[in-house]
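Please read them with the coordinates open.

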Amino acid sequence: ADGSTTRELHSNLIRTWELFMWDSGGWDDYPAQIATLNRGIHARTTCAAITAHVILSARILLAAAQALGLDDDVRLYNDDIALLTDALQTHAWDESAGVFSYVVHDENGNPAASLRHDSGVNFNLGLDGLMPLIAGVCTPAQESHFWALLQDSTRYWTRIGISTVDQSAPYYRTDGYWNGAVWM
């Protein structure tokens with residue numbers, strides 16, 4: 001909407017840092033989020049999960065608009081879903097890492113790069129990077145890849161549930177909430 005700062009970067013990806021300041025969406029010690037804050041780049045960084053959640057919300061509102069016969073709203077939600085899906089696929093998908101990334105934008109607000117760990121590994125090897133799956137915006141190949149990752153005991157699957165961070169990531173830890181422990 002006019003006046004909103006959540007989509008002011010030139011990628012159409014959503015960011016909510018200025019609304020919550022501490023986090024991008026509620027995952028207190030998620031590694032990519034901590035790196036974004038520690039590096040002081042939150043004003044120009046988006047995370048895939050926020051855009052995915054907006055798409056999922058738009059799908060719910062679309063279903064309501066369709067049930068109520070609100071044709072103008074149906075067009076609005078379909079347009080938003082298409083725009084945000086394109087933004088995720090165009091700017092956030094990191095083929096080499098096989099996840100959707102936090103996207104760092106340049107000083108002019110243009111998408112510049114995926115957020116990376118000091119080792120060069122994508123910093124979003126975690127549930128945030130797979131979140132577009134729940135929004136229904138993945139290609140069939142991405143869906144298949146994500147389901148395989150979630151079931152892989154060397155990556156996400158553990159004997160007590162799904163890890164919040166890929167166990168093969170260099171920043172995986174077991175002593176917190178969103179940094180590698182199983183978190184419902």
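1. Phenylalanine 123 and tyrosine 171 are both buried, where buried means under 20% relative accessible area, exposed over 50% and partly exposed in between, with a 1.4 Å probe and protein chains only. This is a predicted model, in which local features need pLDDT of at least 70 and side-chain atom pairs count only at pLDDT 80 or more, while totals for chains, interfaces and linings use all residues. Residues are numbered from 1 along each chain as its sequence is written, and side-chain values use heavy atoms, with hydrogens and water left out.

2. A search of the whole structure finds five aromatic pairs; rings of Phe, Tyr and Trp (its six-membered ring) pair if their centres lie within 6.5 Å, with planes under 30 degrees apart counted as stacked, over 60 as edge-to-face and the rest as tilted. The rings of tyrosine 30 and tyrosine 102 have centres 6.4 Å apart and planes at 25°, so this pair is stacked. Tyrosine 30 sits in the loop between α1 (17–20) and α2 (31–38), and tyrosine 102 in the loop between β3 (99–100) and β4 (103–105), so the pair ties together parts that are 72 residues apart in sequence. Both tyrosine 30 and tyrosine 102 are buried.

3. For phenylalanine 123 and tyrosine 171, the ring centres are 4.8 Å apart and the planes at 35°, so the pair is tilted. This pair links distant parts of the chain, 48 residues apart, with phenylalanine 123 in the loop between β5 (111–114) and α5 (127–130) and tyrosine 171 in the segment after β7 (161–162). Separately, Trp93, Phe100 and Phe146 form one aromatic cluster.

4. As to secondary structure, the chain has seven helices and seven strands, taken as DSSP runs numbered from the N terminus (helices H or I, at least four residues; strands E, at least two). From the N terminus on, the order is α-α-β-α-α-β-β-β-β-α-α-α-β-β.

5. On overall form, a compact globule of 184 residues would have a radius of gyration near 16 Å, and the chain agrees, because its own value is 16 Å; the radius is taken over C-alpha atoms, and the globule rule is 2.2 Å times the number of residues to the power 0.38. Of the 184 residues, 46% count as buried. Among contacts (heavy atoms within 4.5 Å) between residues at least 6 apart in sequence, 55% join residues at least 24 apart.
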